[in-house]
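This report covers one protein model and the contacts within it. Please read the text alongside the sequence and the coordinates.

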Amino acid sequence: QLVESGGGLVQAGGSLRLSCAASERTFSRYNMAWFRQAPGKEREFVALVDWSGTSIDYADSVKGRFTISKDNAKTTVYLEMNSLESEDTAVYYCAAGSVRSRSQVQYNYWGQGTQVTVSS
């Protein structure tokens with residue numbers, strides 16, 4: 001089970017931190033990723049961290065602005081978002097899967113999503 005939190009309304013240039021709380025079993029065995037879906041668009045990859053926490057990947061559109069991290073003790077993965085742009089407005093989803101991949105089809109478990117709205 002994955003539960004996201006931390007979304008909200010922020011002005012362009014601002015910051016938000018999303019959290020995804022996972023059950024202990026899910027967190028220790030799976031790769032974790034963030035995806036997002038903007039209105040009228042397909043869901044897209046944002047960032048991932050592998051099960052060991054040593055391999056991280058970002059979409060080009062967020063590289064240098066977003067940071068993904070995981071806290072094993074809290075079984076939580078975070079997405080720190082800085083320098084937010086109106087194009088970042090979307091519902092953000094946390095996902096867990098057994099294959100390290102940018103493809104959403106490789107992820108078996110999904111959270112309910114949290115809305116991020118960036119006003120210009």
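The sections below take up the sheet, the disulfide, the salt bridges, the core and one loop.

The model is predicted, so local features need pLDDT of at least 70 and side-chain atom pairs count only at pLDDT 80 or more, while totals for chains, interfaces and linings use all residues. Residues are numbered from 1 along each chain as its sequence is written, and side-chain values use heavy atoms, with hydrogens and water left out.

**Sheet**

An open sheet is formed by 4 strands in the order S1-S3-S8-S7, with antiparallel pairing. Strands (E, at least two residues) are DSSP runs numbered from the N terminus, as are helices (H or I, at least four residues). Two strands pair if DSSP finds at least two bridges between them. Strand S1 (2-5) and strand S7 (66-71) are the edge strands, each pairing on one side only. On average, neighbouring strands of this sheet are turned by 15 degrees against each other, direction ignored. For such angles, axes are lines fitted to C-alpha atoms (for helices over the stretch in contact), and values run from 0 to 180 degrees between N-to-C directions.

S1 and S3 run antiparallel and are joined by 4 bridges; Val-3 stands opposite Ala-21 in S3. S3 and S8 are also antiparallel, with 6 bridges between them, and here Ala-21 stands opposite Thr-76 in S8. A further 6 bridges join the antiparallel strands S7 and S8, where Asp-71 has Thr-76 in S8 as its bridge partner. S8 is largely enclosed by the rest of the structure, because 5 of its 6 residues are buried. Buried means under 20% relative accessible area, exposed over 50%, and partly exposed in between (1.4 Å probe, protein chains only).

**Disulfide**

A search of the whole structure finds 1 disulfide, a term for a pair of cysteine sulfur atoms within 2.5 Å. The disulfide is formed by Cys-20 and Cys-94, whose sulfur atoms are 2.1 Å apart. Cys-20 belongs to strand S3 (residues 16-22) and Cys-94 to strand S9 (residues 90-97), so that distant parts of the chain, 74 residues apart, are linked. The link of Cys-20 and Cys-94 is left-handed, with -80 degrees about the S-S bond. Both Cys-20 and Cys-94 are buried.

**Salt bridges**

The structure holds 6 salt bridges. A salt bridge is a side-chain nitrogen of Lys or Arg within 4 Å of a carboxyl oxygen of Asp or Glu.

| Asp-88 | Arg-36 | 2.9 Å |

Asp-88 and Arg-36 are both buried.

Asp-88 and Arg-65 are both buried. Salt bridges that share partners join Arg-36, Glu-44, Arg-65, Glu-85 and Asp-88 into one network.

Glu-85 is partly exposed, because its relative accessible area is 35%. Arg-65 counts as buried, because its relative accessibility is 12%.

**Nonpolar core**

A nonpolar core is a set of buried Ala, Val, Leu, Ile, Met, Phe, Trp, Tyr and Cys residues joined through side-chain atoms within 4.5 Å. Of the 35 residues in the largest nonpolar core, Met-32, Trp-34, Val-77, Leu-79, Met-81 and Tyr-92 touch the most other members. At least two residues of this core come from each of S3, S4, strand S5 (44-49), S7, S8, S9 and strand S11 (114-119).

**The loop between S7 and S8**

The hairpin of S7 and S8 has 4 residues between the strands, and Thr-75 takes a positive phi near 45 degrees in this hairpin. Ala-73 is found in the loop between S7 and S8 and counts as exposed, because its relative accessibility is 76%. Ala-73 and Val-99 are 26 residues apart along the chain, and their C-alpha atoms are separated by 22 Å.
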